[in-house]
Amino acid sequence: MVHMTYTPKTFNLPTLEGISEKQIKVHLALYEGYVKHVNLVAETLKGYASYGDKATEGDKYAIAELRRRFAFEFDGMRMHEHYFEQFEGGAAALTADSTLAKAAEEKYGSAENLTAHIKKVAGSRGIGWVVVYKDTKVNTIHTVFVGDHEVGQLAGLPILLALDLWEHAYMVDYVPAEKKNYIDAFLANLNWSVVEKRFDEAK
Ligand SMILES: [Fe+2]
């Protein structure tokens, strides 16, 4: 079995409004932790593979749990890559005549309603993500609350937008009761052209 080793990506981030450099630094370090653990889980499973029939019941339990936890680490890595990429290039509004804006209009009545809906879903209790997906089979979008990083993801659908709602994403700058301010700051800094590009490139 050959395992791919993942390397943390670097992001070309502008100065953000309402999300401090320290907050981003802390968050990027956490992202790198996910990449490290993706590799660690894969390496550890590789080590167990050599046990063969000598694996004890305890080993088998550990192996099963490592397999289960792989999605947590992997999605933690990939979701953060989606998150930070969305700030690259600086804030840009959704283009009124983009294919994404049209899909948003069909689903939510208007492009502005997509943002309003994201805010509403972001108000869900608990940690997780708001994720906007494209269902390429029927050419529509879905806005979903994903728990942890991996619970409730829609199978096979390309991710258009990922809003991190774990407390680590904002608690350098805001207290939990100010989560709404963080959501507003996220949306104010969002480069919608990245989201539009994901929509257009999703096949
Ligand atoms: Fe995060």
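User: Where does D148 lie?

Analyst: D148 lies in the loop between β2 and β3 (159-164), where strands are DSSP runs of E with at least two residues, helices are runs of H or I with at least four, and both are numbered from the N terminus. The model is a predicted one, in which local features need pLDDT of at least 70, side-chain atom pairs count only at pLDDT 80 or more, and totals for chains, interfaces and linings use all residues. Residues are numbered from 1 along each chain as its sequence is written, and side-chain values use heavy atoms, with hydrogens and water left out.

User: Why is D148 called partly exposed?

Analyst: The relative accessible area of D148 is 26%, and the term covers whatever falls between buried (under 20%) and exposed (over 50%), with a 1.4 Å probe and protein chains only; D148 is therefore partly exposed. N139, in the loop between β1 (128-135) and β2 (140-147), is partly exposed as well, at 43%.

User: What is the phi of N139, and what is that of D148?

Analyst: Phi of N139 is near 50 degrees, a positive value in a residue other than glycine, and phi of D148 is likewise positive, near 50 degrees.

User: Why is V130 called buried, and what is it in contact with?

Analyst: V130, found in strand β1, has a relative accessible area of 0% and is therefore buried. Leaving aside neighbours within four places in sequence, V130 is in contact (heavy atoms within 4.5 Å) with residues including I118, V121, F145, L161 and L163. The C-alpha atoms of V130 and F145, 15 residues apart along the chain, are separated by 4.7 Å.

User: Which elements do the buried residues of α5 pack against?

Analyst: The buried residues of helix α5 (residues 179-189), among them Y182, I183, F186 and L187, pack against α2, α4 (111-122) and β3.

User: How many nonpolar, polar and charged residues are in the lining of the largest pocket?

Analyst: The lining has 6 nonpolar, 2 polar and 1 charged residues, where Ala, Val, Leu, Ile, Met, Phe, Trp, Tyr, Cys and Pro count as nonpolar, Asp, Glu, Lys and Arg as charged, and the others, Gly among them, as polar. L13, P14, T15, L16, I19, S20, E21, I24 and L28 form that lining.

User: What share of the chain is buried?

Analyst: Buried residues make up 45% of the 203 residues in the chain, whose secondary structure comes to 6 helices and 3 strands.

Conventions
1 Å grid on protein atoms, 1.4 Å probe; cavity = no way out; pocket = protein on both sides within 12 Å on 5 of 7 lines; lining within 4 Å.
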